[in-house]
Amino acid sequence: MRTPLIAGNWKMHKSISDGRELALAIRDATDRMHGNFGVEVLLCPPFPLLFPISEVLLESPVMLGAQNAHESLEGAFTGEVSVPMLKDAGCTHVIIGHSERRQHFHEDGPRLAKKVRAVQSGGLQCIYCVGETLEDRDGGETESVLERQIAEVVGGDLNADRLILAYEPVWAIGTGRTATPEQAQDVHSFIRGRLTAILGGPAAESIRILYGGSVKAGNAVGLLDQPDIDGALVGGASLESDEFVGIISAAGQKGS
């Protein structure tokens, strides 16, 4: 059985003091859940907060992740951060290919393929994001867009044990709109089918696929109850401890 993963993407939010306070509240709440009911929990703060948050999470099962990474080990890349640097800061996971990186920073398939491999080569888990826009969905292009995004990056050279996918319907991020559990399951099932075609059945069955479209405590149970939804990549709701812990609790019903 795939262990549910609840990952909080803080995006460009929180000061160091506010981030510490939030991480502490989440850490203490998950400790009270007696092992999170078989749920893995991950916090992905902005780069300057990584080390301060890592100190809060010492000796805690809550893991630390980064929101992006450069594909090179080092070099003259002003403003970038490498995988070894992230590992030194205490990260275990890195998000690659988030829709905001694709949209605002024009990251394309070939570059994302390099980034995914850099993360895995550095010994970290990669959360690779895929998803369609509202225009894609309304035009009946959801599956073709996802197939392309998966084919551009996922290949037989990847380590399935260090690969997680996140389906984030762009039309449901920050809009308050959420795919129905049935809609989300249909897409997750399609993604797993594509993984099967590329990596084979056993590998595809082992890879977790997270849902990432306006997940909240109030809708988490229905989404996480679906057979191919293995957790959530949470944006806005991860900035409030009660909301985020509510999602973790909902995942615990699946993980128990």
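Is Ala 29 buried or exposed? To find out, select Ala 29 in this predicted model, within helix 1, residues 16-32. Ala 29 is buried, with a relative accessible area of 9%. Select Ser 249 as well: its C-alpha atom is separated from that of Ala 29 by 9.9 Å, although the two residues are 220 apart along the chain.

Next, display Arg 192 and Asp 228, whose side chains meet in a salt bridge (2.6 Å, N to O). Arg 192 belongs to helix 8 (residues 181-199) and Asp 228 to the loop between helix 10 and strand 8 (231-234), so the pair ties together parts that are 36 residues apart in sequence. Both residues are buried.

Proceed to helix 10, residues 217-224, where Ala 220, Leu 223 and Leu 224 are buried. Viewed down the helix axis, the buried residues fall within an arc of 80 degrees, so they line one face of helix 10.

Finally, turn to the largest pocket, with a volume of about 460 Å³. Of its 18 lining residues, Lys 11, Met 12, Gln 67, Arg 101 and Phe 105 lie nearest the centre. Helix 4 (residues 99-105) gives the most to this lining, with 4 residues.

Technical notes: Residues are numbered from 1 along each chain as its sequence is written. This is a predicted model: local features need pLDDT of at least 70, side-chain atom pairs count only at pLDDT 80 or more; totals for chains, interfaces and linings use all residues. Side-chain values use heavy atoms; hydrogens and water are left out. Buried means under 20% relative accessible area, exposed over 50%, partly exposed in between (1.4 Å probe, protein chains only). Helices (H or I, at least four residues) and strands (E, at least two) are DSSP runs, numbered from the N terminus. The arc is that of the directions from the helix axis to the C-beta atoms. On a 1 Å grid over the protein atoms alone, a cavity is a set of points where a 1.4 Å probe fits but cannot get out, and a pocket is an open set with protein on both sides within 12 Å along at least five of seven lines; lining residues have an atom within 4 Å of a point. Grid points are joined across faces, edges and corners, and a volume is the space filled by probe spheres set on the points. A salt bridge is a side-chain nitrogen of Lys or Arg within 4 Å of a carboxyl oxygen of Asp or Glu.
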